[in-house]
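Welcome, and please open the model in your viewer. We will take it one selection at a time.

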Amino acid sequence: MVEPVLTRQRVDPDRVDDLREWTAEVRERPDEHVETLRNEGVYTETAFLERIDGEPYLTYYMETESVQAVFEAFENSEFDIDAEHEAVMREVLESGENVADAEVLYHQVNPDRPADVTD
């Protein structure tokens, strides 16, 4: 069964532009990004920059079979893009602590959804 996951982490307000630059680079490297998603067992990954009470937050949404497997694959990854991602996140996030308190109430996927939904 697919498990939807939502995480939110506080971004250092002085590093928002660095986060934007990194996410732009990730979009420019779609083949590498998809390779890591496959390695981690992630079906969908979306990153949002939110402002809550004027403060910046990085919010991730993903769909996977196993959150634990995702974290293990990321920790053991040999992909350059994963190492770069981890380094950037260490720089731009205040602590990396998940501050989201989101309970999944339902998750439904339209069966008519195109297989390739990208920007």
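In what kind of crossing, left-handed or right-handed, does helix 1 pass helix 4? Keep in mind that this is a predicted model. Select helix 1, residues 16-27, together with helix 4, residues 80-92. Helix 1 passes helix 4 in a left-handed crossing.

Next, show the side chains where these two helices touch. From helix 1, pick Asp 18, Leu 19, Trp 22 and Glu 25.

Now look along the helix axes. They come within 10 Å and cross at roughly 165°. Because angles over 145 degrees count as roughly antiparallel, helix 1 is roughly antiparallel to helix 4.

Our last stop is the largest pocket, which holds about 1700 Å³ of space. To find its centre, select His 33, Leu 37, Glu 45, Thr 46 and Tyr 60, the closest to it of the 48 residues in the lining. Then highlight strand 2 (42-52), which gives the most to the lining, with 8 residues. Helix 1 and helix 4 are also among the elements that give two or more residues. Coloured by class, the lining has 24 nonpolar, 12 polar and 12 charged residues.

Notes:
Residues are numbered from 1 along each chain as its sequence is written. This is a predicted model: local features need pLDDT of at least 70, side-chain atom pairs count only at pLDDT 80 or more; totals for chains, interfaces and linings use all residues. Side-chain values use heavy atoms; hydrogens and water are left out. Axes are lines fitted to C-alpha atoms, for helices over the stretch in contact, and angles run from 0 to 180 degrees between N-to-C directions. Helices (H or I, at least four residues) and strands (E, at least two) are DSSP runs, numbered from the N terminus. Angles under 35 degrees count as roughly parallel, over 145 as roughly antiparallel, 65 to 115 as roughly perpendicular and the rest as oblique. A crossing is left-handed if the near helix is turned anticlockwise from the far one by less than a right angle, and right-handed if clockwise. Contact means heavy atoms within 4.5 Å. On a 1 Å grid over the protein atoms alone, a cavity is a set of points where a 1.4 Å probe fits but cannot get out, and a pocket is an open set with protein on both sides within 12 Å along at least five of seven lines; lining residues have an atom within 4 Å of a point. Grid points are joined across faces, edges and corners, and a volume is the space filled by probe spheres set on the points. Ala, Val, Leu, Ile, Met, Phe, Trp, Tyr, Cys and Pro count as nonpolar, Asp, Glu, Lys and Arg as charged, and the others, Gly among them, as polar.
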